[in-house]
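Subject: Structure for your review

Dear colleague,

Please find below the structure that I am handing over to you. I would be grateful if you could read it together with the notes that follow it.

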Amino acid sequence: HSHFFFLCPKFDEKKTFFFFSFFTKKIQGGRMNFFLCITILGSLLSFSSSLGFTCPFSRPLSLTKPFIMGDDVKIMQTLLNRTIAVDDVDGCFGPATQSSLLLFQKKAGLPETGVMDETTSNQLLEYIPDGYKDDGLIPSGFLYKVFIPVYRDRSIETAATLYSANGSVLHVFQVRTHGQNDNTTGLAMNELCGDGSTPTGLMTFDLNSPEPDPVSYGPYPINRAVQGISGNALTVISNIRDGILLHTGEWADWSPPNNMPNSHGCVHAHPDDIKYIWQVLISIGVEMRQNTYGSLPYPYTPQGILSIQLLD
């Protein structure tokens with residue numbers, strides 16, 4: 001569902017299998033083959049986990065020449081800006097960013113190194129809640145709005161509301177905004193991660209034709225988050241996370257009133273609701289655009305907005 005370029009490295013099982021198969025063929029000696037491979041595997045896994053970074057961070061960030069640039073720097077600056085003023089949120093770690101980081105470390109009682117290490121990054125992630133509050137309005141030029149209240153515990157499914165341009169309630173429906181769980185910790189991935197929970201904030205939204213995989217996305221047209229306007233959505237959509245959809249699926253062993261499965265950052269809803277949303281949007285003049293399948297830049301003018309607000 002989401003493209004998150006380099007901030008969330010993953011263990012590549014296929015490459016690792018090839019690597020160990022190669023060593024098994026090269027190094028003979030009976031049972032030693034097995035133990036050697038297990039030792040190497042354990043060392044690699046320990047190295048990966050010992051870095052201690054929590055997604056979306058995966059590397060230390062500091063002032064260097066040339067300056068470090070990247071989406072992780074932009075996210076760090078955004079989080080810093082919620083507690084210590086940052087001159088520019090531009091994805092470039094310059095002297096001003098170092099000064100802000102030093103002030104944050106001092107305020108948090110951390111060693112004042114000017115380096116975003118594992119401890120500092122974990123402290124920064126406490127500022128993920130963006131403070132976004134829905135204003136109850138639908139900006140001029142948009143034909144519809146979807147409002148979704150969420151809790152920190154995204155395993156709690158909530159009631160979303162679809163509004164027309166004049167504020168009339170068109171539909172109320174159950175949704176799930178829980179992303180994937182971390183393979184190491186088993187905990188839910190935060191909304192700044194590529195496969196984490198759906199980001200809070202305000203973003204443009206548009207009706208697209210169905211995805212080609214009905215098992216994963218359902219057989220009906222989907223709604224696509226196009227561009228963040230405020231909150232965490234402004235930070236990550238669509239330059240860091242793309243493919244945030246409102247959709248359903250032909251999920252195995254699922255039926256209402258059971259909880260829906262976790263997504264990779266999308267908003268899941270029941271099949272009947274997604275079908276109805278498509279039909280009612282068409283009835284109020286919304287056009288169904290040809291699905292872009294995440295291709296950027298988005299070629300159409302979005303017709304709706306999506307508002308997601310944290311309640312607790």
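Predicted model: local features only at pLDDT ≥ 70, side-chain atom pairs only at ≥ 80, totals over all residues.

Residues are numbered from 1 along each chain as its sequence is written, and side-chain values use heavy atoms, with hydrogens and water left out.

Side chains of opposite charge can pair when their charged atoms come close. The structure contains 7 salt bridges (a side-chain nitrogen of Lys or Arg within 4 Å of a carboxyl oxygen of Asp or Glu).

One of them joins Glu157 to Arg176, with the closest N and O atoms 3.3 Å apart. Glu157 lies in the loop between strand 1 (144-150) and strand 2 (158-164), and Arg176 in strand 3 (residues 169-176), so the pair ties together parts that are 19 residues apart in sequence. Strands are DSSP runs of E of at least two residues, helices runs of H or I of at least four, both numbered from the N terminus. Glu157 is buried at 14% relative accessibility, and Arg176 is buried at 7% (buried means under 20% relative accessible area, exposed over 50%, partly exposed in between, with a 1.4 Å probe and protein chains only).

Arg224 and Glu211 also form a salt bridge, at 3.3 Å from N to O, and both residues are buried.

Finally, Asp206, Glu287 and Arg289 are linked in a salt-bridge network. Within it, the closest N and O atoms of Arg289 and Glu287 are 3.9 Å apart, and Arg289 is buried at 13% relative accessibility.

Yours sincerely
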